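Here is a short note to read beside the model. Keep the 3D view open as you go through the points.

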Amino acid sequence: MASMTSPEHDITENSKIKIWFRFVPREDWLPYSTEGLWATRLSEDTARLENAPFLQDGVAEGETVRFTTDADGLHWAKELVEASGNCTIRILPVPSGPLGPSAQAVHERLAPFGLGGEVFSEDLPLVAVTVPADAELGQIKALLIRGQEDGWWHFEASCVTDAWRNA
């Protein structure tokens, strides 16, 4: 008996895919207008983001997004389906500051909170960090502010929750 397959049956749930986001590049910043984030496919058109964005604002690791797939097979984010409660923080060490241009030094400062992060590149040591919803938000926020005041880094909170704002 011949088996029949349809596109729905070709979808493997829990497979890794890349979800692409489109945005307007910031003035005086990186010239990109898209960013791809790894995700775990949950259904035909939803996936859970698996890493922190370097460029896309308003999303964090762990969030579920709906996507469409274009003719080239690229998966483009369409809308947020479920927020994770996580925050995305980006940290850029000040090259002339006490930490130098060291992403490793940024990681060492965040390690007591169990936070890691990805580094954009050796030439641009921008660190994208996921701050879990149940983290010590007030202490992390205080460290980030102190580090900026002390010239260690610049940081931005690109996706935050009410808990973060109120910490």
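**Notes on rings, charges and strands**

1. Phe120 has 28% relative accessibility, so Phe120 counts as partly exposed. (Buried means under 20% relative accessible area, exposed over 50%, and partly exposed in between, with a 1.4 Å probe and protein chains only.) Tyr32 is also partly exposed, at 40%.

2. This is a predicted model: local features need pLDDT of at least 70, side-chain atom pairs count only at pLDDT 80 or more, and totals for chains, interfaces and linings use all residues. Residues are numbered from 1 along each chain as its sequence is written, and side-chain values use heavy atoms, leaving out hydrogens and water.

3. The whole structure holds 4 aromatic pairs. (Rings of Phe, Tyr and Trp, the last by its six-membered ring, pair if their centres lie within 6.5 Å; planes under 30 degrees apart are stacked, over 60 edge-to-face, the rest tilted.) Tyr32 and Phe120 make a tilted pair, 6.3 Å centre to centre with 50° between the planes. Tyr32 lies in the loop between strands 1 and 2, and Phe120 in the loop between strands 7 and 8, so the pair ties together parts 88 residues apart in sequence.

4. Trp152 and Trp153 are both buried. Their ring centres are 5.3 Å apart and their planes at 80°, so this pair is edge-to-face.

5. Which ring does the charged end of Arg109 sit over? The ring is that of Trp152, with its centre 5.0 Å away. Arg22 lies over the face of Trp76, 3.6 Å from the ring centre. (The cut-offs: NZ of Lys or CZ of Arg within 6 Å of the ring centre and within 35 degrees of the ring normal.)

Definitions and conventions:
Helix = DSSP H or I, 4+ residues; strand = E, 2+ residues; numbered from the N terminus.
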